[in-house]
Amino acid sequence: MEEKVFTEKLKQPTESDLKNILGTRYKLWADLIKFVESNFGATVTEWKYYGKKNGWVQKLFLKKRNLLFFVPYDKFFRIGIVFGEKAVAEIVKSDLPEDIITEIKNTKKYAEGRGLRIDVNNKTSLEIVKKLVQIKVMK
């Protein structure tokens, strides 16, 4: 199991910390932000500490809307994203990988929607996240 990397409450991660821990995969995170901003508008990021177990998580906002959660690990990152029912219906009929579709269909529904977590460690996983972001923003 992967261990969280930024768990010290009094040390909010810096951009330099992110670059060091993600290594070459930092570019994937930068590409995702660039993709969102060039297609949908300016974003705002905010670090939030979720306790010793979960550590620091960066939230990405688009026009005050919580778009996704960014959780850094050693040499990769995990994206958490929550979808409303219209977006879930769109995902189900999309050309996304079958495991993503199955997971979203089987995920428990909460008041805020259905959540999905995706590890991003290559361009293929980044492209999946981009498609999911497009669906979330458009629905």
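Helices (DSSP runs of H or I, at least four residues) and strands (runs of E, at least two) are numbered from the N terminus. The structure is a predicted model, in which local features need pLDDT of at least 70 and side-chain atom pairs count only at pLDDT 80 or more, whereas totals for chains, interfaces and linings use all residues. Residues are numbered from 1 along each chain as its sequence is written, and side-chain values use heavy atoms, with hydrogens and water left out.

In α2, the buried residues include Tyr26, Leu28, Trp29, Leu32, Ile33, Phe35, Val36 and Phe40. Buried denotes under 20% relative accessible area, exposed over 50%, and partly exposed in between, with a 1.4 Å probe and protein chains only. After α2 comes Gly41, with a positive phi near 120°.

Contact means heavy atoms within 4.5 Å. Apart from neighbours within four places in sequence, Leu68 is in contact with residues including Trp29, Leu32, Ile79 and Val133.

Five strands form an open, antiparallel sheet in the order β1-β2-β3-β4-β5, two strands being paired if DSSP finds at least two bridges between them. Strands β1 (43-49) and β5 (114-120) stand at the edges with a single partner strand each, so one side of each is left without a neighbour in the sheet. From one strand to the next, the twist averages 25°. Strands β2 (residues 56-62) and β3 (residues 65-73) run antiparallel and are joined by 5 bridges; Lys59 stands opposite Phe69 in β3. Helix α5 (residues 123-138) packs on the sheet, where it touches β2, β3, β4 (76-83) and β5, and its direction makes about 155° with that of β5. Axes are lines fitted to C-alpha atoms, for helices over the stretch in contact, and angles run from 0 to 180 degrees between N-to-C directions.

Overall, the protein chain comprises 5 helices and 5 strands, in the sequence pattern α-α-β-β-β-β-α-α-β-α. Of its 139 residues, 43% count as buried.
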